[in-house]
Amino acid sequence: MDLDEYDYLEKAVEPPVPSTSGAGEKDRSSRRRSSAGGGRDLEERGSKRPRSGEDRERHRSGRDREDGKEKVWEGRDREKVRDKDGGRSRDKVREKDESDEDHLTDDCSVPSEDEAHDMTSNKNDASDEMESSCSFQRHVSHVLTNDQVTALLKQKNKYKWEMPAVDIPKSKWVGTGENMQGAPDDPFVDVKGKLRDHWQNTLSDNLNSRLRFFSLCNSYRDIMHCNKKPFYLKGSKVDSSTMDAYIMHALSHVHRTRDVVIKMTRSLGMMRTQIFWMTTCTVIRVLHVLFLLPLKSIARRVVKRLIQLSPLTQKDNAMGLFKKEFDESDDEEETENSSKPADFNLLFAGDVEDHFLFGIKYTKKSVKLYSNFYASDIIVASPLALKLKIDGGEDVKKKGHAKENDSDFLSSIEIVVVDHADVISMQNWSHLHSVLEQLNQLPSKEHVANVMRIRPWYLDQHARYYRQTIVLSSYLTPEMNALFNGSCSNYEGKVKLVTEFTGVLPKIQLEVQQVYERFDASSVGESDDARFDYFCTRVYPKIQESDEGGVLLFVSSYFEYIRMSNFLKSQDASFCRIGEATSQPDISRARLWFFEGQKKILLYSERSHFFHRYKIRGGHHLVVYSLPGRKDFYPELVNMLGESPNPKCNVLFSPLDILKLERIVGTSSARRLISSDKSMFVFC
């Protein structure tokens, strides 16, 4: 079975045939006699091409050349060896090789003449990418000292420089480390020729819009881009540009890593005849890139684009099982005659399952999906599925007992892309945090990796300082900031997007007074208690005294939803509730009671609105206990009061809510609300 240039890594020569007969002694003495002239023979064989299948058969049949003289093993002695343990042992070795090939989806045989020629012809490309000017080589060849690691752990993120963010209104990039002077003249200077040509043909006129973010990714810094226009916003093309850019960066990284491995293999190939006692071929194939995505529909878009941007000659069967498990329908078609907003229809049009995990392996001519994790180049996963894989939850579900922790494949991750982090925050943010904490740990087993080829900083447990983390979202939250500051420690530095917002108040279609009430909170830990105390002492008494119903009480987090529900129960309040875990019959019943006035208060969570986008009727007074993370939700909530003759709106906020506040009222207005001596403000 032949290998392509990527799969050929290292071939061990079969050991001498063991035997207890005199033939074994004869063979060993022959090897001792041939050692005198073996040095020149090794040099000659090392300079030639790898053995073809015919050469190997001739070697196995007993022919060997030494100093121009041919030595032939006796046929009778060879048959005797085969009849004994030697033949059976060799058959077992061959069976083991075949089983390993099936398990690792790798072929461990010597390449053919054509493949060897391809490897030689690509030598110049590999050599060029090993130059010190290459960003990839510069990044991975840098050696951190213990003092530098200690400094990385102690340093605080101080963004010292900035540069304009082209094509993103009122935004700029700020960063740590060395100053970046914008995009280079040739962003593809480090990219292989076949990748460059394919991207130019595929993207054509749209290539320039991808190059800006690609250049930023190619700096190997940690990136926080939290003003990305998602694909489900109609008419937006920025999301496609950003997605294409990080996919191009991932492909470039995988190909450059493979070239380094192939070049090293050619060097080691000259010494392969000196290895006598290895029974299987040793393969180093480590995982490099991890894509963390929230939904199957989004994963489908990323994988389809990944295949389109890959210069492959065999793509027809690449989707295979993937098309069966991931919906084949067009997930970007908007549902006709729907009462839901257009962005909701586009986001949830496809498969909204949040449990998926599979590997992608690149070969010379094709891409293989659902490859073994230890033989993959890229893994596409949801945080939930990866968390269950780490904890062994799938085995508990299927077999009834937990499996040993099997997360060693995450030890070699060099690039992590967290796309649509805002959608992940509506699922379970702790899963994402747990996955990132598990990355770049020392593996518990060897997993057929060649220890001699592992970079030293992996063994020094410094891999996390070389890992690049790219976080993409349509808005920024304190949880994302904490993740970026705490779990991302790239020695190259960090880059973050800063935006001036204009607010969404013009989208409100009603003439309603919106009263913003500020309460003080000295720290993040005290913020929740301060908000709850302010509501109980300043807001709820007014609601209780009023005879008017139709109070829509909005909370942004699940913990606030549970706390407020318990409080209303303790007060014997007339209320109903709609949360993300509420059953459909209970939701219909609660909406009916609130519309008819049978219940005075309706407790409504942001996650419920995100996953269902209900239009609540019967509301007269909107109380925003905590501002929504998605800025478009605020005008939608206020516009729900359109049927009320006297609508009212009250909003609670603290100085710690600046990220949410500036997206709703605008950056300049938010700063005035935070710094003013007054604590109450009115917007009309």
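**View 1. Aromatic pairs, with Trp173 and Phe213 as one of them.** The count comes to 26 aromatic pairs, where rings of Phe, Tyr and Trp (its six-membered ring) pair if their centres lie within 6.5 Å, and planes under 30 degrees apart count as stacked, over 60 as edge-to-face and the rest as tilted. Trp173 and Phe213 form a tilted pair, with 6.4 Å from centre to centre and 35 degrees between the planes. Because Trp173 lies in strand β4 (residues 171–175) and Phe213 in helix α11 (residues 207–217), this pair ties together parts that are 40 residues apart in sequence; helices (H or I, at least four residues) and strands (E, at least two) are DSSP runs, numbered from the N terminus. Both Trp173 and Phe213 are buried, a term that means under 20% relative accessible area, with exposed over 50% and partly exposed in between (1.4 Å probe, protein chains only).

The model is a predicted one, in which local features need pLDDT of at least 70 and side-chain atom pairs count only at pLDDT 80 or more, while totals for chains, interfaces and linings use all residues. Residues are numbered from 1 along each chain as its sequence is written, and side-chain values use heavy atoms, with hydrogens and water left out.

**View 2. The pair of Phe348 and Phe610.** Phe348 and Phe610 form an edge-to-face aromatic pair, 5.6 Å centre to centre with 70 degrees between the planes. Phe348 lies in the loop between α15 (342–347) and β7 (357–362) and Phe610 in helix α25 (residues 606–612), so the pair ties together parts that are 262 residues apart in sequence. Phe348 is buried with a relative accessible area of 18%, and Phe610 is buried with a relative accessible area of 2%.

**View 3. A ring cluster and charges over rings.** Tyr516, Tyr634, Phe653, Phe681 and Phe683 are linked by ring pairs into a cluster. Elsewhere, Arg301 lies over the face of Phe231, at 4.1 Å from the ring centre, and the charged end of Lys494 sits over the ring of Phe484, 5.0 Å from its centre; a charge sits over a ring if NZ of Lys or CZ of Arg is within 6 Å of the ring centre and within 35 degrees of the ring normal.

View 4. An open sheet with mixed pairing is formed by 7 strands in the order β15-β16-β14-β17-β18-β13-β19, where two strands pair if DSSP finds at least two bridges between them. Its edge strands, β15 (575–578) and β19 (680–683), each pair on one side only. Strands β17 (residues 621–624) and β18 (residues 648–653) run parallel and are joined by 4 bridges, and Val624 stands opposite Val651 in β18. Helix α22 (residues 524–545) lies across β13 (514–518), β14 (551–555), β16 (601–605), β17 and β18, running at about 160 degrees to β18; axes are lines fitted to C-alpha atoms, for helices over the stretch in contact (heavy atoms within 4.5 Å), and angles run from 0 to 180 degrees between N-to-C directions.

**View 5. The surroundings of Arg630.** Arg630 lies in the loop between β17 and α26 (633–639) and, at 11% relative accessibility, counts as buried. Its side chain is joined to that of Tyr232 by a polar contact of 3.2 Å and to that of Asp422 by one of 2.8 Å; a polar contact is a pair of N or O atoms within 3.5 Å, and within protein one must be able to donate a hydrogen and the other to accept it, with residues adjacent in sequence counting only if both atoms are side-chain atoms. Not counting residues up to four places away in sequence, Arg630 touches Tyr232, Asp422, Val423, Ser474, Tyr475, Glu606 and Phe610.
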